[in-house]
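The exercises below ask you to read a protein model step by step, with the sequence and the structure side by side. Try each task yourself before you turn to its solution.

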Amino acid sequence: MSDSTNNEASLRNPQVLLLSAGIGTSLFLSYRLYNRYVRRIQTYLNLTPSMLNGRRRLYGKVTRVGDGDNFRFYHTPGGPLLGWGWLRKVPEGRNNLQNETLMIRLCGVDAPERAHFGKPAQPFSEESLQWLKNYVENRSVTITPYSVDQYKRLVARAQVWKLTGRKDVSAEMIRNGIGVVYEAKVGAEFGGNEGWYRKLEHKAKKKKRGLWVLGKKLITPGEFKKNN
């Protein structure tokens, strides 16, 4: 029997076929596991459609709060289990890590507008910014992505652990009256929590918490943006 015939027979051997299938499956699963649990998402360009269905969660650290309803997020896949915090550190002081972080826009909430582009600041805009800084800056958070907006920000739900348990950041802003329920009728993301957010807003308004102390003088962020 020729060498070519022997080689062909060897390749058709069930054990060889099973081994090849096993190697292929292992490589495929390894790739899937790497993409899901190990690969770091640096910017919105690394996001895939499957990450924007509200089922994927990303764990990381807030490196900078830029406004009352958004912040920069450094993805640390696997958290402490993969060495983050003890073997691997989140870099600091490198131009706000703009090329290594995701800009997160909190879902379902709108904070008072700060002064920019020659436009005046809304009342409670600085209070909102300081509250969010105190609440999440330099802390580990879990985000659930939903979409990417026109400013290339990742619209997402953010949750942070406190002494009283895991907190929804958008809900806590609304509860404390330093943000209102997002008003856009098209394209708004609530992560299935719109009803809850509106109940919290109703209670904050009734108790005149935060910006609701303005009463009839209150102009919501949505109205403010339309008129300025």
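**Exercise 1.** Which residue with a positive phi follows H5?

*Solution.* Begin with the ground rules: this is a predicted model, in which local features need pLDDT of at least 70, side-chain atom pairs count only at pLDDT 80 or more, and totals for chains, interfaces and linings use all residues. Residues are numbered from 1 along each chain as its sequence is written, and side-chain values use heavy atoms, with hydrogens and water left out. Helices (H or I, at least four residues) and strands (E, at least two) are DSSP runs, numbered from the N terminus. The residue that comes after H5 is Lys208, with a positive phi near 55°. Lys208 is not a glycine, and its place is the loop between H5 and H6. With a relative accessible area of 55%, Lys208 is exposed, where exposed means over 50%, buried means under 20% and partly exposed lies in between (1.4 Å probe, protein chains only).

**Exercise 2.** Describe the protein chain as a whole, from its elements to its surface.

*Solution.* Count the elements to begin with: the protein chain has six helices and eight strands, and from the N terminus on they run α-α-β-β-β-β-α-β-β-β-α-β-α-α. Then turn to burial, where 41% of the 228 residues count as buried. For contacts (heavy atoms within 4.5 Å), take those with a separation of 6 or more: residues 24 or more positions apart account for 67% of them. Finally, the chain exposes about 13,900 Å², of which carbon and sulfur atoms supply 53%; such areas come from the Shrake-Rupley method with a 1.4 Å probe, and for residues only the protein chains shown count as cover.

**Exercise 3.** Check the length of H5, and then work out how its buried residues are arranged.

*Solution.* The expected span of a helix is 1.5 Å times one less than its number of residues. H5 (residues 194-206) has 13 residues and should therefore span 18 Å, which agrees with the 18 Å between its end C-alpha atoms. Next, list the buried residues of H5, which are Tyr197, Leu200, Glu201 and Ala204. Seen down the axis, these buried residues fall within an arc of 105°, so they line one face of H5; the arc is that of the directions from the helix axis to the C-beta atoms. An α-helix has 3.6 residues a turn, so residues three or four places apart point the same way. On the other side of H5, Lys199, His202, Lys203 and Lys206 are exposed. The cover over the buried residues of H5 includes strand S7 (165-168), helix H4 (169-175) and strand S8 (180-181).

**Exercise 4.** Is Val181 buried or exposed, and which residues does Val181 touch?

*Solution.* Locate Val181 in strand S8, and then note that its relative accessible area is 2%, which means that Val181 is buried. Leaving out residues up to four places away in sequence, Val181 touches Gly108, Ile174, Phe190, Tyr197, Arg198 and Glu201. Between Val181 and His202, which are 21 residues apart in sequence, the C-alpha to C-alpha distance is 10.0 Å.
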